[in-house]
Amino acid sequence: MGINKRLYVTEYRYRVRVDAAGTSPRGDVEVAKKVTRGIVAAESFEEICKVLHEHETVLGLRHFTTALYFMAKKDSVNSPSPLVERELRWMSKCIIEDHHEALWSSTSVANVLQACRKIKNISLDPLMSVAMRKLVHGEKEVAQREVMTILSCLVRVPESDAKKRACRELEEAILGTSSVIVLQRGLEGFRRQDMGPLAWFLTELKCQPRTARSVFLHCRDVIGLENLSTPSLCLVCRMLSLQIDSTCEEIDEDVDAIVQCLICERRGVARMDSLKDSSMMLLSLARLIKARCEDDILTEKSFIAGMKWTHAVSAYRTANPSINRAIHGLLEHICPHLLGGSTMAGQGVLSSILYSLSLLQYQASEIIAACTRGIEAQKETLTLRTISTCSWSLSVLRYEDKSLLEDVFVDRILDGNLLMNVRDAEKEFAQSLSMILYSFAVLNMFQSLKSKNLLKAIMQVAEQSIPYLNTESLPIFGWSIVVAYSNMDMGDGAFGSVMKKWRSSVTENFNRIPKGTMAMIQHTEIALKIEAPELGLEDDIPYKSLFSSLYRHGRLRRSTAREWNSQQPQKLDAIALDGISLFQKQVYEAAEAVIPGWILEYWDSDLQYPVDMALLSHRIVIEADGPTHFTLNTQKPLGATSLKKRLLRRIGWHLITIPYFEWSIKGSGSEHIDHLSRLLTPYLQSTDQEKPLLYQRAQGETAREADDQKIGVREADDQHTGAQPSRDDEQPVKKNAATMDIIKASRGKMSLNDAVRRQIFRKQ
């Protein structure tokens with residue numbers, strides 16, 4: 001039998017008869033070599049033990065660690081046997097008691113960790129901890145193959161402080177900055193075939209972003225991405241996409257290098273051997289592009305909330321045709337696998353494909369349908385993580401699949417008791433719960449009996465899950481519950497206790513909540529004030545003063561208004577005019593032709609976010625709903641749109657909704673005017689007795705506008721005389737100016753474009 005020279009060292013030192021210089025008599029060295037050959041040649045666990053006991057007086061640390069490694073390879077080591085347990089505990093004690101730091105090398109550490117990983121029936125945790133401590137104690141020179149062995153073992157051992165320190169020192173050794181571990185030849189010493197496994201180990205150990213980028217740059221600039229094998233290329237790109245901490249320029253360079261490799265005629269997408277490789281590469285590319293667009297958004301300080309990053313991703317793909325070419329090539333490779341029998345693909349692969357399409361905003365209906373069919377076929381084995389990932393992906397794509405969401409996901413969650421089988425994964429469970437709740441709320445699915453039963457089940461575990469939500473999920477969680485309770489009793493005990501717990505958690509983590517999700521907190525609080533004013537708003541609890549100050553001093557409103565203003569140029573895919581879509585402009589002109597006096601983008605003081613156009617004298621609101629207000633395949637209103645309409649009706653507005661697909665079939669302008677006239681007539685003919693309170697409120701607003709007009713005249717006089725307006729008059733002057741612009745536009749004294757432009761300028 002040949003000796004595996006990598007698994008034991010040829011340089012021996014001993015626990016006995018070792019002088020200060022580390023040398024030993026020649027006879028002991030010969031005996032030690034004989035012992036090592038006997039350990040390697042032994043064919044059973046018992047034979048290894050016999051060799052050790054026959055030469056116990058000359059055994060060294062390397063003998064024990066080598067024997068431990070070869071014992072772990074024998075099948076009998078995991079059988080319930082008193083002999084096995086006694087011998088392993090004896091060897092473990094001998095190794096732990098040997099405190100000579102010079103005796104521990106990287107090979108000893110690798111052998112011990114490998115044995116601890118393979119031996120299951122007996123706990124060797126103390127021995128494992130000692131090995132990891134010895135790794136980072138004293139300067140050691142480590143070979144690349146030993147690093148791979150140690151990393152592979154660290155991936156599979158439980159989390160501990162010793163493991164974290166060992167991982168950190170190995171990362172520093174790879175980067176060449178460690179003062180404890182010296183890596184032979186540095187990163188250049190790794191072979192080309194080592195890069196895939198190395199990337200996988202570093203990914204599983206959650207390495208630092210700079211380590212991941214250094215390994216990727218080595219593959220890109222030294223080895224060449226096109227020279228890596230397909231699995232290695234996929235693993236390296238996956239590592240980079242999961243550990244991103246780069247600038248926009250660096251991500252652009254990385255994405256361009258990956259794309260050029262994928263579209264390479266010699267070794268491009270065609271070399272993808274399996275569906276798993278293609279899906280992994282697609283997901284890695286999608287993560288990098290999304291991170292690039294999010295980083296760009298944050299750099300520009302435009303606080304875009306919720307799913308508004310989707311606009312940036314679409315624009316980025318449009319500006320880079322080569323990216324679309326690479327994505328199209330990957331999807332062409334994926335399609336035959338799915339359409340030829342999607343049940344052959346695992347639920348992890350199918351969910352990752354859906355997730356990738358959602359990140360890329362790639363509306364491939366055929367692939368989406370194939371993935372959903374494959375997931376339906378695996379209903380009995382679906383996990384909560386798969387369900388949450390697929391639900392979130394469909395909500396981002398605005399793709400409603402009622403049979404999958406209700407007949408498969410809801411049944412699996414309720415029948416499989418997936419919400420009750422939580423033990424040690426509270427954080428992961430809380431995030432999955434939040435994603436499922438949010439997805440159903442976005443797609444406005446909480447209308448059927450099945451979905452309502454799911455909501456009741458979620459509410460039973462929601463209160464205990466809220467403390468484990470991260471700061472990005474907190475606003476989403478509260479908003480989703482408010483949307484979901486549209487047709488249910490907000491006064492029940494579960495709703496009240498969950499929302500109070502949510503408010504407390506928001507208060508505690510308020511400074512860490514991303515600014516882009518502030519609008520969701522505001523919308524949630526406004527909905528509670530309108531629909532459930534009795535829900536603890538007057539209780540003396542910590543969040544009361546926080547939210548009170550936010551509303552009184554306008555901090556929350558200003559953040560939301562700034563976010564809304566930043567979104568205006570991206571509001572619809574139609575041709576935009578100063579932030580107003582062509583579709584909205586057409587509806588406004590038709591409404592003005594029916595009855596003048598409409599105010600574009602009117603900011604309602606109760607709702608605290610704008611409506612498309614309002615007629616204050618009759619309390620009528622028109623919402624021109626473009627494509628982003630509806631699901632992609634069924635044209636059903638989304639949850640956010642339904643919530644806004646619900647609240648508008650609650651505070652007394654007459655609401656008229658104009659879907660884009662109905663408007664487009666009306667044809668000419670005269671047909672548009674006739675259509676709007678028919679919709680407006682019932683509200684224009686309503687008597688004052690039918691709406692006394694609303695009529696009084698409208699009259700009050702009209703009176704305030706008249707006062708503003710007087711202030712505007714006074715301001716003009718002050719400007720003529722050189723007087724300065726008072727501070728108290730500044731805000732009404734802005735309001736009066738906006739009103740006068742609309743009046744001028746309706747009378748033909750000012751163009752609509754100028755009126756809209758001046759309104760948006762004042763809002764900003």
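Aspartate 625 in the predicted model stands opposite proline 659 of strand β8. Strand β7 (residues 620-625) runs parallel to β8, and six bridges join the two; strands are taken as paired if DSSP finds at least two bridges between them. Helices (H or I, at least four residues) and strands (E, at least two) are DSSP runs, numbered from the N terminus. Together with helix α28 (residues 639-650), β7 and β8 make a right-handed β-α-β unit, right-handed meaning that the path from the first strand over the helix to the second runs clockwise with the strands pointing away from the viewer. Of the six residues in β8 (residues 654-659), five are buried (under 20% relative accessible area, 1.4 Å probe, protein chains only).

The whole structure holds 12 aromatic pairs (ring centres of Phe, Tyr or Trp, the last by its six-membered ring, within 6.5 Å; planes under 30 degrees apart stacked, over 60 edge-to-face, the rest tilted). Tyrosine 69 and phenylalanine 70 form an edge-to-face pair, with centres 5.4 Å apart and planes at 85°; both residues are buried. The rings of tyrosine 602 and tryptophan 653 are also edge-to-face, at 6.0 Å and 65°. Tyrosine 602 lies in strand β5 (residues 599-603) and tryptophan 653 in the loop between α28 and β8, so this pair ties together parts 51 residues apart in sequence. The relative accessible area is 15% for tyrosine 602 and 3% for tryptophan 653. The charged end of arginine 619 sits over the ring of tryptophan 653, 3.6 Å from its centre (CZ of Arg or NZ of Lys within 6 Å of the ring centre and within 35 degrees of the ring normal).

Residues are numbered from 1 along each chain as its sequence is written. In this predicted model, local features need pLDDT of at least 70 and side-chain atom pairs count only at pLDDT 80 or more, whereas totals for chains, interfaces and linings use all residues; side-chain values use heavy atoms, with hydrogens and water left out.

Terms used: Buried means under 20% relative accessible area, exposed over 50%, partly exposed in between (1.4 Å probe, protein chains only).
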